[in-house]
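Here are my notes on the model you sent. They are set out as numbered points, to be read with the structure open.

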Amino acid sequence: MTSLIIAVIAVAAVWVLAYTGAPLIAWTGVLAVAFAASALTGFLGPVGLSVLGAVLVGFAFFTLKPLRKSLVTAPIFAGFKKVLPEMSETEREALEAGDVWWEAEMFRGRPNWNQLHEFPCTPLTDEEQNFLDNQVETLCSMVDDWEIEFESRDIPEPVMAYIREQGFLAMLIPKEHGGLGFSAVAQSAVVTKIATKSIAVAVTVMVPNSLGPGELLVHYGTPEQQKKWLPRLVTGEEIPCFGLTGPEVGSDATAMPDNGVVCYGEYNGERTLGIRLNFSKRWITLAPIATVVGLAFKLQDPEGLLGDKSKQDYGITCALIPADTPGVEIGKRHYPGSAFMNGPIFGQDVFIPIDWIIGGPQKAGGGWRMLVECLSAGRGISLPALAAAAGQAAYRMTGAYGRVRRQFKLAIGKFEGVQEASGRIGGLTYTLESMRLLTASGVDHCAPSVVTAMAKYHMTEMMRRIIIDAMDIHSGRGVQQGPRNYLASAYKAVPIAITVEGANILTRNLMIFGQGAIRCHPHVFPEMEAARNNDLKAFDTELWSHIGYSVNRGARALTLGLTGAKLAKTPVNHALKDYYRQLERMSASLAFVSDVTMGMLGGDLKRKERLSARLGDVLSQLYIASGVLWYFRHQGERDDHVAHARWALDNCLAEIDKAFNGFFANFPNRLAARLMRFVVFPFGRPYREPADTLTGELADSMMEPSRLRDELTSLVYINGGPEDAIGRMEHTFELCLRAETPYLKYFKALSAGKLSGNSPAEKLDDAVKQNVLTPDERDLVAEYDAARYDAIQTDAFPKEYVAQFAVTTSHTEVEEDQRQVA
């Protein structure tokens, strides 16, 4: 019995050491105590005692750093340097851009929930709220989306003038330079609201406030450049665009063929040191109307004119060029399916002064770092705002349509098949709003690069899912385009959202885990740096800390898996408390699986894109779920939020389950895959998609007026009146709430064949005669029935109306023009 007790205590002690992440010295101490106890009791016998003694000596050896370093670490160090993948300067700059934030907590297996709870949601200032309530409302009231998207395929000049005059293009420019100096949350809110009225106008506003000359000048421009350009950008005197992508360069900016050569040339009649540029850019938003072009190109200085004779290739550089500079060709349009301005920029033998480099000559070659740092922030604001707009509008309109539209004598929103889609819209919209606010608030406090990549990818994918579901529910009402259609513009914009600012395939497969694992892991990047710097001492420290870290995360993952995460801490005591535990369990699992994967695959993981993408999905869903918990807390932990939050969290856990399962099923080493699966899911897959009853609860709530419904759709422009696409459905829904009780009495009598008459008016009159309705109810039902019938109609046009907007230039003429340009 004594021996059994000692064995149990020993195993428990080892497990506690692993679970708590105790240092090597603690392990050595416990083993010494176990050895002494075994020697005194004779528990292990001579052989067992010898084995334990050998283990004790081994652990004692590893605590002696000089011996460990020379005999064990040094050979590992040599092998590590051989397999360490090459990292180009552009890859390093992309990796180092931005800050590590909350995603690191979720990656490392032991999230500090207090850090999340204490992180503030950026409040709108009085000035920002006033702008949203007035200038943004006015802008939305001026916009006719059908006119923009179909009739003119352009934004009317009065609308553009208002955008320029009211500072919409200068929200990110600080007040000291004359801009509005809005927070990221305020910029997000402005773009979201505009996008519920017009995607084209929203894109026009958001691009100068994302990656572009304004932000680059604010962060990197010389005082002279700032003084010259920023006031003109603020007033809208200058319209900016930024040329980065081209026929040969999209995701891989290092393949950029556009080049500039440092040389002397003539400018304003004088011999000037400058750059001779040749470039061909495509898909540049605002290019057709831009007056100033931010340009990325590869700079070469073969004669050493910049002062460094040993350096000829400076790499990617950014310059600011007036659009009327000789040799620049601008003004043609692409047509991406939305009417915002987008087009190519060409330049042949364009000479510019050297001080047109953003930041001056000293920033030659610094363009890539500029771009990745600024894009990291903008990626967390602009496209997430478009996604949030699609979600909010679909939530409000689908809920209203589901209650107003009737089939088989029942509101369509009550059918379970419809509720599957509408409930998903509800849950994803709640998720989107959580992510929008958390990510934008994060951008206000730091420059999170991994988080913004997650937001861009997952929010635009949610937008895609929401729009498809909304179109499915609306059916022909969503398909037929015209002034009544509030879904078509967003539907057409989905491919744009998933493509720009880093294509979603690239973002998921190469960026999120590839960048996140190295930046978020406490030891991987320091180990890589130690190897590159040939620093054995630093590598030794990181390596053994890494090993202890991996053992700890594996023990934590398995323990939490065996106990259903009951041992995990939860900082709250409300309906969502168990989700904190489950997320900590999955966080520990991700840390363990990531370490095993990186240890076994090494540099090959970079090429195993589908495996790394699945681990990226786990990391992303941990962040998304954290956002839901954060949002729930900042909304006062109200009971009316619980169902939406639970749906969102269940969905995140189900996505984590799916990602891990796909990862284990495809991991090349099957023994390791089975081991990792057992550690993560010892009793099988624990998570499922949100329950049908929960989905139905969300679908029902979307059709009811409530504080939560108004909060989740607070940025939808609803004040356009009955002739506006959204305003028409909003007006009908409000009438429905007032008239539904008498309308259902009337509808029941009508369906039973009890009312006579050939027209709705006659039937309503008969309902009054039969005391089915009172005269006042009859008037209310008549008003609602007319509005209801009007709201479900789709637009129809004379053939001549559609024909007058046909293009007069044939596609063959356009193709010939393109060939001449090429």
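1. Serine 152 is partly exposed, because its relative accessible area is 36% (buried means under 20%, exposed over 50% and partly exposed in between, with a 1.4 Å probe and protein chains only). Its place is the loop between helix 9 (145-151) and helix 10 (157-165); helices are DSSP runs of H or I, at least four residues, numbered from the N terminus.

2. A note on the source: this is a predicted model, in which local features need pLDDT of at least 70 and side-chain atom pairs count only at pLDDT 80 or more, while totals for chains, interfaces and linings use all residues. Residues are numbered from 1 along each chain as its sequence is written, and side-chain values use heavy atoms, with hydrogens and water left out.

3. A polar atom of the serine 152 side chain lies 2.9 Å from the backbone oxygen of aspartate 154. Serine 152 and phenylalanine 805 are 653 residues apart along the chain, yet 8.0 Å separates their C-alpha atoms.

4. Threonine 460 belongs to helix 18 (residues 449-474). Threonine 460 is buried, as its relative accessible area is 0%. Its side chain reaches the backbone oxygen of lysine 456 at 2.6 Å.

5. The largest nonpolar core has 197 residues, and Phe168 and Phe660 touch the most other members (such a core is a set of buried Ala, Val, Leu, Ile, Met, Phe, Trp, Tyr and Cys residues joined through side-chain atoms within 4.5 Å). Helix 18 supplies the largest share of this core, 14 residues. Another core, of 27 residues, lies apart from it and includes Phe242 and Leu375.

Terms used: Helices (H or I, at least four residues) and strands (E, at least two) are DSSP runs, numbered from the N terminus. A polar contact is a pair of N or O atoms within 3.5 Å; within protein, one must be able to donate a hydrogen and the other to accept it, and residues adjacent in sequence count only if both atoms are side-chain atoms.
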